[in-house]
Amino acid sequence: MNDRPARRPAKPYRRPKKDPVRILAFEALRAVDERDAYANLVLPPLLRKAREKGDFEARDAALATELVYGTLRRQGTYDAIIAACVDRPLREVDPPVLDVLSLGAHQLLGTRIPPHAAVSASVELARVVLGDGRAKFVNAVLRKITAHDMEEWLEKVAPPYEDDPEEHLAVVHAHPRWVVSALWDALGGGRAGIEDLLEADNERPEVTLVARPGRSTPEELLAAVGEDSALPGRWSPYAVRLAEGGEPGALDAVREGRAGVQDEGSQLVALALASVPVDGPDTRWLDGCAGPGGKAALLGALAAERGAALLASEKQPHRARLVERALAGNPGPYQVIAADGTRPPWREGVFDRVLVDVPCTGLGALRRRPEARWRRRPEDVPGFAPLQRDLLREALRAVRVGGVVGYATCSPHPAETKAVVDDVLKRDGVSAEWIDARPHMQGVPALGEGPDVQLWPHLHGTDAMYLALLRRTA
């Protein structure tokens, strides 16, 4: 007689449920990881394709966007938490598995999605994109994560502030340690200021429009968007801020190029350069690093109002084409060329105003490109310095005596900002003097001791743009 208990019948195989939102979010994260792509370039075409297929509604697109950007912003924090829940070094977890785990961790710890729903949806995603075997691993790890909320996890995985301030801030606010150190050096001050800055980096930035002078007005944009969905800019007289979920591409002025999407910090840089008085002629302006064209379009519109002509130069031909598109329809004379600003084709001393918004690490735009914080390395900073110095040196040669140069960069790192200007002025023997930039950003508070200006996300609601204004003296 066989006393063994009867075998339970095997459960019939159930096909995993395909969730278009989470599959799209996973695809976007894989593109960022595998191709070094940027989410702001990868996500829009994925969303457009999903809408065309009929898979997405507006709320689905909003959730997919939150999953992608939220996961990328908090990647370092989620890595630390996941590492505490697995039995192997994190580097030994396959990247696609880690992406699914990170998406699940964000749903559990960074959204209001109920824990059971977050785990269930993540396991179903794992079954679709990874297979049933690895889905079991995902399930086990996410169930461990549900044991604590975010505050409790941070107490477990972040060292106390008193023991290691930089590492504490790095884990709690999801920035690499070296970035925390660089931002703290640039900002100065104590704990409160750096924490405010790091928190601002993790907030979703507003979409800001610019009404290009002579072609559109803020009033037109406000009327088109509706008073309930938009606000005037904080500092720029041409800015309009869209409410969450606003769609710039739906506006006639944006489609026609009379307005564009542009952070208010970038607008302030162009406006400051244009507002500096110059003696003598003011008819030739140069944007020496013009791609992708936002500042060039604003400068071109301002120049047109004064009867000046703009030359917009961009080294990369594909970016030069973007500049042409941004300037199309400008009412005043302009020209776009593909040229290297360190070996310029123009003669020395022929321009009255010159802007060089130089290539940099992009540490000032971490709100918009959260993946950049994990992609950049400390050694990237000195790598940009020779190019930045060369571009500023040639800009000062391009401007006439008495003319003005604006050196701008979307980074607050000290080695990319004032140190570059000091090097060019002192070591290269260039005859130029500082202009106090603060009076040329009227109404903007907390601009520091001058003469240069550093904008901040937590103080000004802008990207961390830097601007130095210089006048050629000989």
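UniProt positions are given here in the numbering used for this chain, with feature names shortened, and such annotations may be inferred rather than shown by experiment. With that in mind, the unreviewed UniProt entry puts its "active site" annotation on Cys-410. Keep in mind, too, that what you're looking at is a predicted model.

**The annotated cysteine**

- Cys-410, the residue that the unreviewed UniProt entry marks as "active site", sits in the loop between β9 (399-409) and α19 (418-427).
- Is Cys-410 buried or exposed? Its relative accessibility is 14%, and the cut-off for buried is under 20%, so Cys-410 counts as buried.

**The loop between β10 and β11**

- Have a look at Gly-450, which is placed in the loop between β10 (432-435) and β11 (453-454).
- Gly-450 has 18% relative accessibility, so it goes down as buried.
- Gly-450 and Asp-436 are 14 residues apart in sequence, and their C-alpha atoms are 6.1 Å apart in space.
- The peptide bond running from Gly-450 to Pro-451 is cis, with omega near -5 degrees.
- Pro-451 is placed in the loop between β10 and β11.
- Ala-446 also lies in the loop between β10 and β11, and its phi is positive, near 55 degrees, in a residue other than glycine.
- With a relative accessibility of 49%, Ala-446 counts as partly exposed; exposed would need over 50%.

- You'll find Pro-292 in the loop between β5 (284-287) and α15 (294-305).
- Ala-174 isn't a glycine, yet it has a positive phi of about 55 degrees.
- That alanine, Ala-174, lies in the loop between α9 (165-172) and α10 (177-187).
- How accessible is Ala-174? Its relative accessibility is 0%, so Ala-174 counts as buried.

**Salt bridges**

- How many salt bridges are there? The count comes to 38, taking a side-chain nitrogen of Lys or Arg within 4 Å of a carboxyl oxygen of Asp or Glu as the rule.
- One of them pairs the side chains of Glu-220 and Arg-258, at 2.9 Å from N to O.
- Glu-220 counts as partly exposed because its relative accessibility is 29%, whereas Arg-258, at 19%, counts as buried.
- Arg-343 and Asp-340 form a salt bridge too, with their closest N and O atoms 3.4 Å apart.
- Arg-343 is exposed at 65% relative accessibility, but Asp-340 is buried, with a relative accessible area of 18%.
- Another salt bridge brings together the side chains of Arg-368 and Asp-463, 3.1 Å from N to O.
- Arg-368 is in the loop between β8 (351-357) and α17 (372-375) and Asp-463 is in the loop between α20 (457-460) and β12 (466-472), so this pair ties together parts that are 95 residues apart in sequence.
- Arg-368 has a relative accessible area of 25% and is partly exposed, while Asp-463, with a relative accessibility of 6%, counts as buried.
- There's also a network: Arg-30, Asp-33, Glu-34 and Asp-99 are joined into one by salt bridges that share partners.

- Which residues form the negative surface patch? They are Asp-149, Glu-151, Glu-152 and Glu-155.
- Of these, take Glu-155, which lies in helix α8 (residues 150-157).
- Glu-155 has 61% relative accessibility, and exposed means over 50%, so Glu-155 counts as exposed.

Technical notes. Residues numbered from 1 in each chain as written. Predicted model: local features only at pLDDT ≥ 70, side-chain atom pairs only at ≥ 80, totals over all residues. Heavy atoms only, no water. Patch = residues over 30% accessible without salt bridge, like charges linked within 9 Å, V, L, I, M, F, W, Y side chains within 5 Å. Areas by Shrake-Rupley, 256 points an atom, 1.4 Å probe, with all protein chains shown as cover. Lys, Arg positive; Asp, Glu negative; His and termini not counted. Charge placed at Lys NZ, Arg CZ, Asp CG, Glu CD. Helix = DSSP H or I, 4+ residues; strand = E, 2+ residues; numbered from the N terminus. Buried < 20%, exposed > 50% of the residue type's maximum accessible area, 1.4 Å probe, protein only.
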